[in-house]
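Thanks for coming. I have one structure to go through, and I will start with the overall fold before turning to single residues.

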Amino acid sequence: MTERERAGVTESLAQWRGLAKDSPAHEVARTMVNRLSVAKEAGDALDALKTTLSPKSAILIHPSVNDKSRAPKMTENAERSADTMLRDLRQMNQRIAEVTSMLPEGSRERFTRQTTG
């Protein structure tokens, strides 16, 4: 979702909220407020993910992203490879926890439910 699209959703949401507040019985206004609220929530979550997972962040997380050298064979340095995999797994879990904490409450529960099986 682009910044322009997110701004459009935010503006539309404000207008529909105003209409729903003025006419509480207006079914279309309430429906649009619900839909646009979900769209805004999704856009905010995507933006947070995009910011967290930007190429600049990827370099800080895993310096070998730009490393063009070949990976060592699996039989060489097996202990070192296991340590590297464990470190990478911890970093991935940390990133997932960071992203999860940025999600709104309802999205956080759905995300956690989906990722845990």
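Two notes on the source. This is a predicted model, in which local features need pLDDT of at least 70 and side-chain atom pairs count only at pLDDT 80 or more, while totals for chains, interfaces and linings use all residues. Residues are numbered from 1 along each chain as its sequence is written, and side-chain values use heavy atoms, with hydrogens and water left out.

Now the chain totals. The chain exposes about 9,200 Å², and carbon and sulfur atoms supply 58% of that; accessible areas come from the Shrake-Rupley method with a 1.4 Å probe, and for residues only the protein chains shown count as cover. I call a residue buried under 20% relative accessible area, exposed over 50%, and partly exposed in between, with the 1.4 Å probe and protein chains only. Buried residues are 15% of the 117 in the chain. Taking contact as heavy atoms within 4.5 Å, residues 24 or more positions apart account for 52% of the contacts with a separation of 6 or more.

Next, helix α2, residues 27-52. What span should its 26 residues have at 1.5 Å a residue? The expected span is 1.5 Å times one less than the number of residues. That gives 38 Å, and the end C-alpha atoms of α2 are 38 Å apart, which agrees. Among the buried residues of α2 are Ala29, Val33, Leu36 and Gly43. An α-helix has 3.6 residues a turn, so residues three or four places apart point the same way.

Helix α1, residues 3-22, holds Arg6. Is Arg6 buried or exposed? Arg6 is buried, because its relative accessible area is 18%. Its side chain makes a polar contact with the side chain of Asp47, at 3.3 Å. A polar contact is a pair of N or O atoms within 3.5 Å; within protein, one must be able to donate a hydrogen and the other to accept it, and residues adjacent in sequence count only if both atoms are side-chain atoms.

Last, Gly106, in helix α5, residues 105-115. Gly106 is partly exposed, at 33% relative accessible area. Gly106 and Glu41 are 65 residues apart in sequence and 9.7 Å apart in space, C-alpha to C-alpha.

Note on methods:
Helices (H or I, at least four residues) and strands (E, at least two) are DSSP runs, numbered from the N terminus.
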